[in-house]
Amino acid sequence: MAFNLLRTAKYQISATKPQNFPADEGVEVAFAGRSNAGKSSCLNVIANQRALARVSKTPGRTQMINFFSLQDEQLKLVDLPGYGYAKVPVAMRANWGRNIQAFLENRRCLAGLVMIMDSRHPMSPLDQQMMDWALARQLPLHAVLTKADKLSRNVQNQTLMKVRKELPEGCTTQLFSALKRQGIEELDERLKSWMLPDASAPETE
Ligand SMILES: Nc1nc2c(ncn2[C@@H]2O[C@H](COP(=O)(O)OP(=O)(O)OP(=O)(O)O)[C@@H](O)[C@H]2O)c(=O)[nH]1
Ligand SMILES: [Mg+2]
């Protein structure tokens, strides 16, 4: 089932510190993942907009926490800065880490975390740390294995099964490709279940 409200996403604000975040109200879903994993591309595909979130060949480009509001302004998507980019100075990396951690741990309106992972190398130690932060506060978590177009069908399915096994209980996962527009419906469905829980069909796994 399509979740057309996502297509109304509009850039709202970028922030580096909590004082600059929009009010902690409504319902937010955040997108996290390693630098260059494909977070911004994924957001653009589900919003069906070419340049909503900035996509870059240079890893580490998204350095701020970017908020996008949907037409119903109580609903927001959040593009978190990518982590794990070696060329970023250590002090800056530590600062981002603290910001992301603070965001994940304290943001009351956060309804779920979408973990974007390159399907060719998912579940890195940093990915696991992010997940630990989210799970520590019982945040629902959906792992999106993107760039699936880089893998054969066989390897895609093997990866999906492997990640499904490794994920903590209750977490869900799927394959995705921004390039081939693969997996949009499945992700729509997950986001809808978090953002409009009353409108969604009962969960079937
Ligand atoms: N083949 C393929 N390439 C992709 C896909 N998604 C993203 N890319 C490419 O991967 C690179 C990084 O994509 P971004 O969406 O900017 O990644 P990001 O996670 O937002 O990166 P940061 O903002 O640096 O953290 C770009 O060159 C994209 O074109 C995909 O599904 N398939
Ligand atoms: Mg980005």
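Entry 1. I note at the outset that the model is predicted. Asp-188 belongs to helix H5 (residues 184–195) and Arg-7 to the segment before strand S1 (10–15), so this pair ties together parts that are 181 residues apart in sequence. I then checked the accessibility of each partner. Asp-188 has a relative accessibility of 1% and therefore counts as buried. Arg-7, at 26%, counts as partly exposed, because the buried class ends at under 20%.

Entry 2. I asked how many salt bridges the structure holds. The count is 6. One of them joins the side chains of Glu-28 and Lys-76, at 2.9 Å from N to O. This pair links distant parts of the chain, as Glu-28 lies in strand S2 (residues 27–33) and Lys-76 in strand S4 (residues 75–79), 48 residues apart. I recorded both Glu-28 and Lys-76 as buried. I also traced a network of salt bridges in which Glu-28, Lys-76 and Arg-107 are linked.

Entry 3. I turned to helix H4, where Glu-166 and Lys-162 lie 4 residues apart, about one turn of the helix. Glu-166 forms a salt bridge with Lys-162, and the closest N and O atoms are 3.1 Å apart. Glu-166 is partly exposed, with a relative accessible area of 39%. Lys-162 has a relative accessible area of 52% and is exposed, because the cut-off for that class is over 50%.

Entry 4. I next examined strand S6 (residues 141–146) and asked how many of its residues are buried. The strand is mostly covered, with 6 of its 6 residues buried. In a regular strand the side chains alternate between the two faces of the sheet.

Entry 5. I looked up which strands pair with S6. Strand S5 (residues 110–118) runs parallel to S6 and is joined to it by 6 bridges. In this pairing Met-115 stands opposite Ala-143 of S6. The chain passes from S5 through helix H3 (residues 125–136) to S6, a β-α-β crossover that is right-handed. Strand S7 (residues 172–175) also runs parallel to S6, and 4 bridges join the two. Here Ala-143 stands opposite Thr-173 in S7. From S6 the chain crosses through helix H4 (residues 153–166) to S7, and I noted this β-α-β crossover as right-handed.

How values were computed: Residues are numbered from 1 along each chain as its sequence is written. Chains are lettered from A and ligands numbered from 1 in the order in which they are written. This is a predicted model: local features need pLDDT of at least 70, side-chain atom pairs count only at pLDDT 80 or more; totals for chains, interfaces and linings use all residues. Side-chain values use heavy atoms; hydrogens and water are left out. Buried means under 20% relative accessible area, exposed over 50%, partly exposed in between (1.4 Å probe, protein chains only). Two strands pair if DSSP finds at least two bridges between them. A crossover is right-handed if, with the strands pointing away from the viewer, the path from the first strand over the helix to the second runs clockwise. A salt bridge is a side-chain nitrogen of Lys or Arg within 4 Å of a carboxyl oxygen of Asp or Glu.
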